[in-house]
Each structure stands twice: as structure tokens, then as C-alpha cells.
Amino acid sequence: LGRRDLAGRKVLVTAGPTREPIDPVRFISNPSSGKMGYAVAAVAARRGADVTLVSGPTALADPADVETVRVETAEEMARAVEAFAGAMDLFVGAAAVSDYRPRTAAARKIKKGEGEETLVLARTPDILAGLGARFAGKPGAPVLVGFAAETEEVIARAREKLKGKRCDLVVANKVGAPGAGFGGDTNRVALVSAAELAEIEGPKDRVAEAILDWILPVLDARRPRA
Ligand code: C5P
């Protein structure tokens, strides 16, 4: 039996992609497998936390001892997060939330024609930024952790996200780098906070442990146990 250093902590994790419908048989999505977020949820539960996982469509089984809520769209994910956000100590936004959705989803399958088609896209709510705007800087605010998948200028963009979304930590990874990112069982990430920069490499559950190790003292300082 390992450490139970998150005992009693309420942790909310998002994971996986979202699907934004074009019509009943087509959608916009991305290749997120959900593995990194599921690893964070599973490890947090193993360390004693009371974990809720809001997951987009993935091929993964619900992690043991985790309350898993399945959603499809960014809007559904935002609503599910909203339902839990009031009670959480820690939010880890590992989901690859689609930034855009088709402005309207056609009720019937769109028939193909010969020429080009135009799809008008609308922005989806930024779940993490919404939580940052609501909680950051307030006494006893939950700890907010975001992810950043980038193809270039990874650290600089992670720092921008840290400020722009007002979170405590951004876990940044370089998409396309060997041993990192979408789909694989290993990851290579940089933990970027206002004061620190640390690199971690290894299986996704090791990376999840390291993320939670970073969070623990921040959580204990921000929300001391009764
Ligand atoms: O801006 P970008 O999508 O690169 O930011 C990634 C981080 O923001 C991730 O933590 C992701 O879960 C979160 N995010 C979100 N809602 C969105 C877009 C991103 O919570 N609509």
C-alpha cells in the first residue's frame, strides 16, 4: 500500500477528446486517447483522493475507484465540470477539448455534392479558463492544472496559458516528439508554473505521480486540512 497523501481531497479530472457533431454521422474531433488524464485520475484515487473523471469518448475502461462521467461535446463537458466544480480541491484539465464546433449540427445526414462545402465553426467554452476566471487569486481557491500540447515553442506557449487561463501549473508536451503525446503509453512533459520548470519523462502513470507530487504541497498550503 503506497502513500495516501491525497486522502479526503476532492479531485476533478477531464480527459480524452470531445466530439462536435456536424450531422448525425460526422463530427470534429482529435486523436486524444485519454490515457494521460485517466492515469492522473487512477493515481489520485490510489493516493486516497475522491476522484471524479469527466471523460470524452475513449476506448479506455473506467479507472478503479473513480466516479467516471462520459460526455461527448465540449458543452456537455463544461456542464458536467460545472456540476462538480463547487466542491473540488483540485482540477486537472487533461482533456483535449475541441476549440471549435460546427455552428449548427444538421438534423439529417448532409448529402454530398460535387463541389466544395463550407462549414461554419463557433468557439466552444474554455473550461479551464472559465474556472481560472472564477477561482484564481481567491483565498482557498482550488488548485488548477492545465495541459498544453504544442508543436513548437512549447515552454513559451505553456507560460502564456499559465497566465491567460490563470492556472497554477501547466503540463506541456511537444506533439510529435518521440515518446510523447497522443496515444502512447509514455510521455515527456515539462511542468511549468510561475516559479518552476521541471522535465519529466516516463510511463504515463509515472508522469501522473510526478504531477501529483508537484501539486501536493501547493494544495496543502492553499487548502490546509482541518
Ligand atoms: O488553449 P489550449 O486548448 O491549448 O489549452 C489546453 C488546456 O486548456 C487543457 O488543459 C485543456 O483541457 C483546456 N481547455 C479547456 N477547454 C477548452 C480548451 C482547452 O478546458 N475549450
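Author: A residue is called buried under 20% relative accessible area, exposed over 50%, and partly exposed in between. Keep in mind that this is a predicted model.

Reader: Is L119 buried, exposed or partly exposed?

Author: L119 sits in the loop between β7 (100-102) and β8 (121-123). The relative accessible area of L119 is 42%.

Reader: Which residues make a nonpolar surface patch with L119?

Author: The patch covers about 280 Å². Besides L119, the residues that make this patch are Y100 and L121.

Reader: Is L90 buried or exposed?

Author: L90 belongs to strand β6. Beyond its neighbours within four places in sequence, L90 is in contact with several residues, including V11, V143 and I215. With a relative accessible area of 0%, L90 is buried.

Reader: Why do the buried residues of α3 line one face of the helix?

Author: In α3 (residues 127-135), the buried residues are I127, L128, L131, G132 and F135. They line one face because, seen down the axis of α3, they fall within an arc of 140°.

Reader: What is included in the cover of those buried residues of α3?

Author: Strand β6, which holds L90, is part of the cover.

Reader: Which residue caps the N-terminal end of α3?

Author: Look for a side-chain oxygen 3.3 Å from the backbone nitrogen of L128. That oxygen belongs to the capping residue, D126.

Terms used:
Residues are numbered from 1 along each chain as its sequence is written. This is a predicted model: local features need pLDDT of at least 70, side-chain atom pairs count only at pLDDT 80 or more; totals for chains, interfaces and linings use all residues. Side-chain values use heavy atoms; hydrogens and water are left out. Buried means under 20% relative accessible area, exposed over 50%, partly exposed in between (1.4 Å probe, protein chains only). Helices (H or I, at least four residues) and strands (E, at least two) are DSSP runs, numbered from the N terminus. The arc is that of the directions from the helix axis to the C-beta atoms. Contact means heavy atoms within 4.5 Å. A polar contact is a pair of N or O atoms within 3.5 Å; within protein, one must be able to donate a hydrogen and the other to accept it, and residues adjacent in sequence count only if both atoms are side-chain atoms. Patches are made of residues with over 30% relative accessible area and no salt bridge: like charges are joined within 9 Å, nonpolar side chains (Val, Leu, Ile, Met, Phe, Trp, Tyr) within 5 Å. Accessible areas come from the Shrake-Rupley method with a 1.4 Å probe; for residues, only the protein chains shown count as cover. A salt bridge is a side-chain nitrogen of Lys or Arg within 4 Å of a carboxyl oxygen of Asp or Glu.
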